[in-house]
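Student: I have a model open and want to check each label against its criterion. Can we go through it?

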Amino acid sequence: MSDDSATLPRALEVSLGERSYPIHIGPGLLGDPARLTPFLAGRQVMVVTNTAVAPLYLERLKAGLDDGLEVRELVLPDGEATKTFATVERIWDALLEAGFNRRCTLIALGGGVIGDMVGFAAACYQRGVAFIQVPTTLLAQVDSSVGGKTGVNHPLGKNMIGAFWQPRAVLIDTDTLSTLPPRELSAGLAEVIKYGLIRDAGFLAWLEETMPRLRDLDAAALTRAIERSCAIKAEIVAEDETEQGVRALLNLGHTFGHAIEAHQGYGVWLHGEAVGAGMQMAVELSARLGWLDADEVARCRRIIASAGLPLAAPAAMGADDFLARMRLDKKNLDSRMRLILLRSLGDACVHDETPPALLSEFIGAFARR
Ligand SMILES: NC(=O)c1ccc[n+]([C@@H]2O[C@H](COP(=O)([O-])OP(=O)(O)OC[C@H]3O[C@@H](n4cnc5c(N)ncnc54)[C@H](O)[C@@H]3O)[C@@H](O)[C@H]2O)c1
Ligand SMILES: O=C(O)C(=O)C[C@@H](O)[C@H](O)[C@H](O)COP(=O)(O)O
Ligand SMILES: [Zn+2]
């Protein structure tokens, strides 16, 4: 995989018929009116962001909105613990207080927490209004801003309340990554590695060799990683918007990861950290089923660790609690646990035939590490 210049904006598309939308990727996009204006449904615009992102990027985004629009802003508190129904109600309150109608447009400026909540607010407000994703974390740029999964957490489970609701456009200004804390960058790299593991062994090999440059915020490398990640996600979403089949592969590591997040309390482990550990668990379970060999398991450990991610669940998490939380996963349709596993590196599958005794023993061994 060669690195092209990072200076050119690129455009991909999520192909969903009349609801198709572009993903623009490049530096300096935030304040460019030509990027946002075509996707506004009308004159009323509400920019929703949080207390960490507003001081960094709110003014720059507003500079990209034409005069003559009725622009409001809502600055929410920060953090995964705020990804709740109560916070989404604050968005609806603000929209109603502003007298916004069905032709309004919400703009989600921030990471995946803001994007998921704003998308959900847009899905429900007056039965559905337009929204635009302006993701500012690596995780949101490679994953959460694309595909229309929106929603909030419930104390009993991650993302349990939500809707599929597609944005009108995704605007990825790669300059915003310059202010991202290293821990958040690592969390985003978890989802990037996921794409290599599920769909593209060549991309995985490129990540393996490029990881130091990615962690050093090398613009060309990051742009390439974002572009390839979005391309894979767009392809899968276009094939299976509402996760009836292939889209479930995007959940590699998430059955384990979501259980960790809910057990720890939302925000204690970052989503990407939990997914990192969860992917290593999926890799090791795939090896137990005879699909991966020891060298491949070791290779995955090295790649995940090189991104600065954890490789195992928290020591205090007991096997019973782990399994109980995994049983609540949305992919499970009956008593069988549906897991995303790897037939080989770059080739994932949905598997619901792991013998329960093997799974219990496997989780127990991990919980004791
Ligand atoms: N909808 C989906 O398909 C999908 C996919 C993956 C993850 N998610 C969800 O996304 C959430 C995680 O998203 P996240 O990792 O972006 O977390 P986040 O939204 O909490 O952002 C991480 C932190 O970085 C801050 N931040 C954002 N942009 C910044 C910038 N440019 N500079 C400095 N700080 C910045 C945020 O305020 C926050 O403190 C989880 O709730 C997860 O479930 C959803
Ligand atoms: O877009 C998808 O589909 C994904 O599964 C992407 C995941 O990275 C993301 O964390 C998603 O929010 C998980 O969705 P869930 O349905 O398992 O809650
Ligand atoms: Zn995820």
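Student: Which helices each supply at least two residues of the shell around ligand 1?

Tutor: This is a predicted model, so keep that in mind throughout. The helices are H4 (112-124), H5 (138-144), H6 (182-199) and H10 (271-288).

Student: How do you know that a residue belongs to that shell?

Tutor: Its C-beta atom, placed from the backbone, must lie within 6 Å of the ligand. Around ligand 1, 29 residues are counted, and Ala-52, Gly-111, Gly-112, Thr-137 and Ser-144 come nearest.

Student: How do the residues of the shell around ligand 1 divide?

Tutor: Into 9 nonpolar, 13 polar and 7 charged. Gly counts as polar.

Student: Which residues are around ligand 2?

Tutor: Among them are Asp-143, Glu-191, Glu-243, Arg-247 and His-254. The lysines Lys-149, Lys-158 and Lys-330 are also there.

Student: What makes the count of charged residues around ligand 2 come to 7?

Tutor: Asp, Glu, Lys and Arg count as charged, so His-254 falls among the polar residues. The division is 1 nonpolar, 4 polar and 7 charged.

Student: Which domains supply at least three residues each to the shell around ligand 2?

Tutor: Domain 1 (10-179) and domain 2 (182-367). The shell around ligand 1 also draws at least three residues from each of these domains.

Student: How far apart do the C-alpha centres of domain 1 and domain 2 lie?

Tutor: They lie 26 Å apart. The contact takes 31 residues from domain 1 and 30 residues from domain 2. On the side of domain 1, S1, S2, H5 and S8 (157-164) give two or more residues each. The largest share, 5 residues, comes from H5. That side divides into 14 nonpolar, 11 polar and 6 charged residues.

Student: What is the order of the 7 strands in the open sheet?

Tutor: The order is S1-S2-S9-S6-S5-S3-S4, with mixed pairing.

Student: Why are S1 and S4 called edge strands?

Tutor: S1 (10-14) and S4 (70-76) each pair on one side only. Neighbouring strands of this sheet are turned by 20° against each other on average, direction ignored.

Student: How do you know that S3 and S4 pair?

Tutor: Pairing needs at least two bridges. S3 (44-50) and S4 have 7 bridges, in the parallel sense. They therefore meet the criterion for pairing. In this pair, Gln-44 stands opposite Glu-70.

Student: What makes S3, H2 and S4 a right-handed β-α-β unit?

Tutor: Point the strands away from you. The path from the first strand over the helix to the second must then run clockwise. The unit of S3, H2 (54-63) and S4 is right-handed, so its path runs clockwise in that view.

Student: Which strands does H4 lie across?

Tutor: H4 lies across S3, S5 (105-110) and S6 (130-135). H4 runs at about 170° to S5. H8 (219-239) lies across S1, S2 (21-26) and S9 (169-173), at about 20° to S1.

Student: Why are S10 and S11 counted as a pair?

Tutor: S10 (339-344) and S11 (347-351) run antiparallel and are joined by 5 bridges. At least two are needed, so they count as a pair. Ser-344 stands opposite Asp-347.

Technical notes: Residues are numbered from 1 along each chain as its sequence is written. Chains are lettered from A and ligands numbered from 1 in the order in which they are written. This is a predicted model: local features need pLDDT of at least 70, side-chain atom pairs count only at pLDDT 80 or more; totals for chains, interfaces and linings use all residues. Helices (H or I, at least four residues) and strands (E, at least two) are DSSP runs, numbered from the N terminus. Domain bounds come from an automatic or database domain assignment. Axes are lines fitted to C-alpha atoms, for helices over the stretch in contact, and angles run from 0 to 180 degrees between N-to-C directions. Two residues are in contact if their C-beta atoms, placed from the backbone, lie within 7 Å.
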